[in-house]
Amino acid sequence: MRNIFILALKDIRVANRYKLVAFFHFVFPVLYAILVGYMMSGIVGLGVGMYRGTVSVAVADQDQSEFSAGFLRQLQAAKELKIHQVDFDTAKDMVRRRRCAAHLVLHKGFGSTSWLLTPGGQPRMRLVIDEARIAEGQIVRGMVYMQLMDYVRSHFLRSFTDNPEQNARLRAVFRAYLDVDTQLDSALKQQLIDLLHTWQSVEQTQSTSGGQPPSGPTLATESGRFKDNSILRQIFPITFPQGMIWAMLFSAAFYAISLVEERAEGTLQRLRMAPLTRLQLLLGKGLACMMNCLGTSIALLAVGMLFFGIRSNSYVLLLIGLLSAALSFSGMMMLLASLSKTPAAAEGVSLSALLIMAMLGGAMVPEVVMPPFARTISSYVPIKWAIMAMEGPIRRDFSLGEMAPYCVGLTLLGMACYVVGVFVFRLTED
Amino acid sequence: MIEIINLCKSFGSVVAVDGLSITIRKGELFGLLGPNGAGKTTAVRNICGLLRADAGSVQIAGKPPTDLSVRKKIGLAPQNLALYMDLSAEENLTFLARLYGLSGSRLRQRTDWCLDFAGLQPRRRDRVKTYSGGMQRRLNLAAALMHDPSILVLDEPTVGVDTQSRTAILESILTLRDRGCTILYTTHYMEEAQRLCDRVGIMDHGKLLALDTVGELIQAHGGKALIVLERGGNEERLTTDDPLDALSQLDWEDRPERLRIEPASLESVFLNLTGRGLRD
């Protein structure tokens, strides 16, 4: 064991002599965690009403009704959107020239709200999204429909409550419809009941609030984790584990290349002349890789804890997660090194294999933008398991039992890679 | 000390070593010569236990070279510079010494000895990649000596170095031989082998062509000596088994302007045995 440590320490010392290694093993993962955290905070923040960026939308109002003008004002008030009110051709052109992520056309008849009382009815408007800006387009789609619902609701509440005499008449008509056993569609009947209930509650609220109409529904800004309105505090626990995965990926690639370089340059031959078994030699490299993975991850975690509010519900479980991930990555390193004959081949094989895994595993591309088949594949990619093993104690409050499948999977994979890697290495050495 | 019996090693259809049998005595400086691709390095790797032989065996002090106790006795200076270029000379040496179990004052003592031996004391803390080729070669040799081995295997240790470094390396090797170290030395520089080696084996195409002392090899395979005379701008070349007798029979009234005698050498032995055809 002493010799394995001596070999590992030598490798770590050599690695520390490269400035680029320090960059890729520590600086890049930290930058990744922070920058991606800030970028993600915009997208995720939208979903919880805390989006801080703006998306440009060109709007062509062909209806020119009071209703459409009111809706436009509602859209313009939304801080997430930057509305350009233009004619239809200009709206199309602005999307074509990439000045807007989408254009929205409010067709003639948009102001007629009869569609609301028709099951499956749709407003007379059309939203066209730039295909190259799908993510922003989806943000626009969500915002437009949310604002529309908000506007329609407040508009109707206002209409109903502005004229008490009309309200009484309408209510009488509705009740008459509901009391008489007519052939009314059951869905429509339910809508009328809901409307009456809403009406009733609005009137009650008005009587207690001095006649002021109630404000429209607010967007959910609190749900479990989003208590303190600090979206970044919720995003960094996602991006820091991803940064740690990047550090491990680069460590695995670096040590795979280093092992093949040692073989090509002859230092491995000198080491094999020492009173060491071949297994000890390879384990020395594996231990160096593991120590590097652990060291950089812990350093990243320390940065996250000190400056970005990262916390863990169990540091023991976090250590177990880190250890199993580090073992798995060092095993992959051994396998990749054994498959390569030259340092250039090792570099190509390691980086491409690891980057593909990173892509499919969710360390590079958020899972949400993956097509269904890629999400299915993602579940079988060890990088996904490693992310879960690290996220588990950091943001998912995993118990030992919930951590076990990921940690056991990573450990078994690491050991299998070691066995195959060492076997292939021995085979190619002789 | 080292007994190589009918050693064979092939790589696919290429036969690298073909029935090599040599016995190297304790304290002997044995030279293994051969042109490029003769199989010297493969033989060395087999002798050191780095390659598994297809047939035959190697015994060092009665044990196979793969035995860890035997490994401790062998120091190998490979043909490639087997050094960590981003570590200093001192770091390279101490790392290797620790693998052989050295520590404390013994480790410091051996490190200092090796740095003195390689003439690298003043640059001991500089990274190896900043050294000249000669310094790196000397360190490559010193690294093989760190654990004070009784057997030293040197695979072309003077390749690509200047005359000063080569002289220093050759003198160091003679010092080691005088200290009782058994040395296996491979080279294709004939003058080095002629100067250093007690016995020489010449191999080509994986086979051992001749094995004896330098003198005996010259006697057996060196061919005739050459006398070159220059008279009136013309050059005369005489070949003879006995240069003294040939000189006494020359016509000295027509005195030559220049005279040169080229005795048979290890180089002529080498060329006579391996031919003059170019090797890849």
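Two strands count as paired if DSSP finds at least two bridges between them. Helices (H or I, at least four residues) and strands (E, at least two) are themselves DSSP runs, numbered from the N terminus.

Before I use those terms, the source. This is a predicted model, in which local features need pLDDT of at least 70, side-chain atom pairs count only at pLDDT 80 or more, and totals for chains, interfaces and linings use all residues. Residues are numbered from 1 along each chain as its sequence is written, while chains are lettered from A and ligands numbered from 1 in the order in which they are written.

I will start with chain B as a whole. Chain B has 10 helices and 12 strands. Its C-alpha atoms fill a box of roughly 75 × 45 × 35 Å along the principal axes.

Strand 1 (residues 2-11) of chain B runs antiparallel to strand 2 (residues 14-24) of chain B, and eight bridges join them. Phe11(B) has Val14(B) in strand 2 as its bridge partner. What lies between strand 1 and strand 2 of chain B? Two residues do, in a hairpin, and Gly12(B) in the turn has a positive phi of about 65°. Strand 1 of chain B is also joined antiparallel to strand 4 (residues 55-60) of chain B, by five bridges. There, Ile4(B) is the bridge partner of Val58(B).

An open sheet of three strands in chain B has the order 11-10-12, with antiparallel pairing. Strand 11 (234-240) and strand 12 (258-262) of chain B are the edge strands, each pairing on one side only. From one strand to the next, the twist averages 15°. Strand 10 (residues 225-231) of chain B pairs with strand 11 of chain B over seven bridges, in the antiparallel sense. Across that pair, Ile227(B) stands opposite Leu238(B).

Last, the contact between the chains. Residues are in contact if their C-beta atoms, placed from the backbone, lie within 7 Å. Chain A gives 17 residues to the contact and chain B gives 21 residues. On the side of chain A that touches chain B, helix 1 (2-16) and helix 9 (267-273) of chain A are the elements that give two or more residues.

How values were computed: Two residues are in contact if their C-beta atoms, placed from the backbone, lie within 7 Å. Axes are lines fitted to C-alpha atoms, for helices over the stretch in contact, and angles run from 0 to 180 degrees between N-to-C directions.
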